[in-house]
Each structure stands twice: as structure tokens, then as C-alpha cells.
Amino acid sequence: MRAFAAERGPTERFVYRRSVGVTVLSARMTEFSYKRHAHEEYALGVTLRGLQQYHCGGVLCSSRPGGVMLFSPEQAHDGAAGDREGIDYVMLYVPAPVFAEAAGLRDTLRFSESVIYDRRAASALRAFARAALDGRDEAFCTELLLAAARVVARTGDRSPGLSHGPAVRRAQEMLRHDMGAAPRLDDLCREVGLSKFHFIRLFQRATGVTPYQYFLGCRLERVKELLERGEDAYSAMLDCGFYDLSHLNRHFKAVYGTTPLEYARQLGPRPR
């Protein structure tokens, strides 16, 4: 298998590919920084070059070359290069059911460490990323995904699935229900029986983001899902309540490093 190139090139580059239900990102960045966000999927990555830093769980984490980054579903984080030299890394976004099936697990796992140094895990994740980026066939990629999921699931300490209280769970359901318009804060608080300030504190403590940030993240995840299904950016924009493409572009790029149009173009045509 070819090694990942670490030569210098454009300072900002975000390349996305899809394979066997998993989205793979190959990124190089120097000045770009991700705003605080969370993914519905597992986000599993490897730092290839440079110092990568991000806040996760209220802690500043650092990943150096060979560092394996492990984000559980809905675990809020940001991200940036730690110095002027920039970073190269790959990231796999694996839906929780796909990860559980590939790893042979019954329950959702949450990793207690967001960065570890494990050669087997790094090698397995890089192998799948390279195969997906190279457009290798489905059978080959499936075998590599099985290997990567199993070794990652066995690596490090893991805690059981996150369980938010009923008020937060109900608020999340309401925020995900309609992407066209955010529920009013008064309505959320009335539904869960909490004051505004107490509700916001409780929600942010449980999820790492505010209710509005959570709602915006759900919108962006939905846009990404529609693009992956073959819908055009303008239709996805309207479906998810963004009022123009520049509005959508700004928020989408802050989380994914690229615009919806470029994301869809990189994935190529998708069957409807």
C-alpha cells in the first residue's frame, strides 16, 4: 500500500470520499480552524504531520504524528493546527450502526480518551482511508473497515453509551424534528418544565453545545446527508431552512472545511 504523502503543498485542502457507508476526509490546513461542533457519527482519525489541537470535554487536547483521534457520536469539539507549520490528517466518519456491526458490538461505545497513540489502530485507519480515497472496490474496503473498527473498539478505555436526562433528550427530539425553523426557546422550556437559564446550562453541560448550536449542527448534518443522496445544494439549502447559499456556505465550511457545492462535487454523482 502506498504511504501517505507528507510533502508541503497548498496550506488548506479538504478532500472527501465515500465508501461502504463511511465518509473519509483527507485534510491539510494551516490557518483554517473548525468552529465547535459535533457529528452524529463516530469520527476516527490519524494525525499524519504537525501538531493538531482541539478542545473536547473542556480539555485542550494535542495530537502529534501517529496520534489517533477518537470522537464519539455527538461529542462536541473544535480543531486547528497547533503552530504555523500546519497539519495533515485523515478522518473517518462512521455511522454508529455501521461501526457497531463492523466491530461486532451490541451497544454504542463512548471513548474516554480523545487521543491515543496506538500503531495498530493508526495503521488500520490509514489503510481504510487510503483505499477509500483511491476508489478501491467495495469488497476490499469492507474488509479494511472491519479490521479498523475491531482494532479501534479494543483500544483504550471505553465508557458505556452516553445517557442524557429526559429533559435534554426531549429537547434534542424537538430540535431535530423540523429543520425548517428552530423551536422557540420558550416552547422548549415549557415542554421540559425548566426555566430558560437552567435549561441552557443543563443542555450545554450534557452536550457541550448550546441548544441553538445543536440545532444548527443538525441542520448541517442533514444538508450533508442530502448531498450524499444526490440532492443539489440549493434544494438542500431550502429543505434545511437556510435563507441563501452564502449563509449555508459560511456555516457548512466552518464545520467541514469546504462548501456544499465542492463537497457534492468531490463525492461525484449519486444514484437517486
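The legends below describe close-up views of a predicted model.

**View 1. The largest cavity and its lining.** Three cavities of 30 Å³ or more are counted in the model. The largest cavity holds about 140 Å³ of space. Its lining is made up of 16 residues, and Tyr34, Phe71, His77, Tyr89 and Met91 are those nearest the centre. Two or more lining residues come from each of strand E3 (33-37), strand E5 (52-56), strand E7 (67-71), strand E8 (77-81) and strand E9 (87-94). By class, ten residues of this lining are nonpolar, five are polar and one is charged.

**View 2. The largest pocket.** The space in the largest pocket comes to about 330 Å³. Of the 22 residues that line the pocket, Cys56, Gly57, Gln75, Ala76 and Arg110 lie nearest its centre. Strand E10 (109-111) and helix H6 (196-207) are the elements that give two or more residues to this lining. Helix H6 supplies the largest share, four residues. The lining of the pocket has ten polar, seven nonpolar and five charged residues.

View 3. Thr23 belongs to strand E2, which covers residues 22-29. Thr23 has a relative accessibility of 1%, under the 20% limit, and therefore counts as buried. Its side chain makes a polar contact of 2.9 Å with the side chain of Arg18. A polar contact of 3.4 Å joins the side chain of Thr23 to that of Glu228. With neighbours within four places in sequence left aside, Thr23 is in contact with Tyr16, Arg17, Arg18, Met91, Leu92, Tyr93, Lys224, Glu228 and Tyr263.

**View 4. Helix H10 and the elements it packs against.** Helix H10 spans residues 260-267, and its buried residues are Pro260, Tyr263, Gln266 and Leu267. Seen down the helix axis, these buried residues fall within an arc of 130°, so they line one face of H10. Leu261 and Arg265, on the other side of H10, are exposed. The packing partners of the buried residues are strand E1 (13-19), strand E2, helix H7 (211-228), helix H8 (233-239) and helix H9 (245-256). Among the buried residues of H10 is Tyr263, which is also in contact with Thr23 of the previous view.

View 5. In helix H5 (residues 185-192), the buried residues are Leu188, Cys189 and Val192. These residues lie within an arc of 95° when seen down the axis of H5, so they line one face of the helix. An α-helix has 3.6 residues a turn, so residues three or four places apart point the same way. The buried residues of H5 pack against helix H4 (166-177) and helix H6. Helix H6 also gives residues to the lining of the largest pocket. Just after H5, Gly193 takes a positive phi of about 70°.

**View 6. Arg49 in strand E4.** Arg49 is a residue of strand E4 (residues 42-49). With a relative accessible area of 13%, Arg49 is buried, because buried means under 20%. A polar atom of the Arg49 side chain lies 2.8 Å from the backbone oxygen of Glu85.

**View 7. Glu138 and Ser19.** Glu138 is found in helix H3 (residues 138-153). The relative accessibility of Glu138 is 58%, and the residue counts as exposed. Between Glu138 and Ser19 the C-alpha to C-alpha distance is 7.1 Å, although the two are 119 residues apart in sequence.

**View 8. Two loop residues with positive phi.** Val20 lies in the loop between E1 and E2. Val20 is not a glycine, yet its phi is positive, at about 45°. With 25% relative accessibility, Val20 counts as partly exposed. Glu74 is placed in the loop between E7 and E8. The phi of Glu74 is positive at about 65°, and Glu74 is not a glycine. Glu74 has a relative accessibility of 27% and counts as partly exposed.

Conventions:
Residues numbered from 1 in each chain as written. Predicted model: local features only at pLDDT ≥ 70, side-chain atom pairs only at ≥ 80, totals over all residues. Heavy atoms only, no water. 1 Å grid on protein atoms, 1.4 Å probe; cavity = no way out; pocket = protein on both sides within 12 Å on 5 of 7 lines; lining within 4 Å. Points joined across faces, edges and corners; volume = space filled by probe spheres on them. Nonpolar A, V, L, I, M, F, W, Y, C, P; charged D, E, K, R; others polar. Buried < 20%, exposed > 50% of the residue type's maximum accessible area, 1.4 Å probe, protein only. Polar contact = N/O pair within 3.5 Å; in protein donor to acceptor, adjacent residues only side chain to side chain. Contact = heavy atoms within 4.5 Å. Arc of directions from axis to C-beta.
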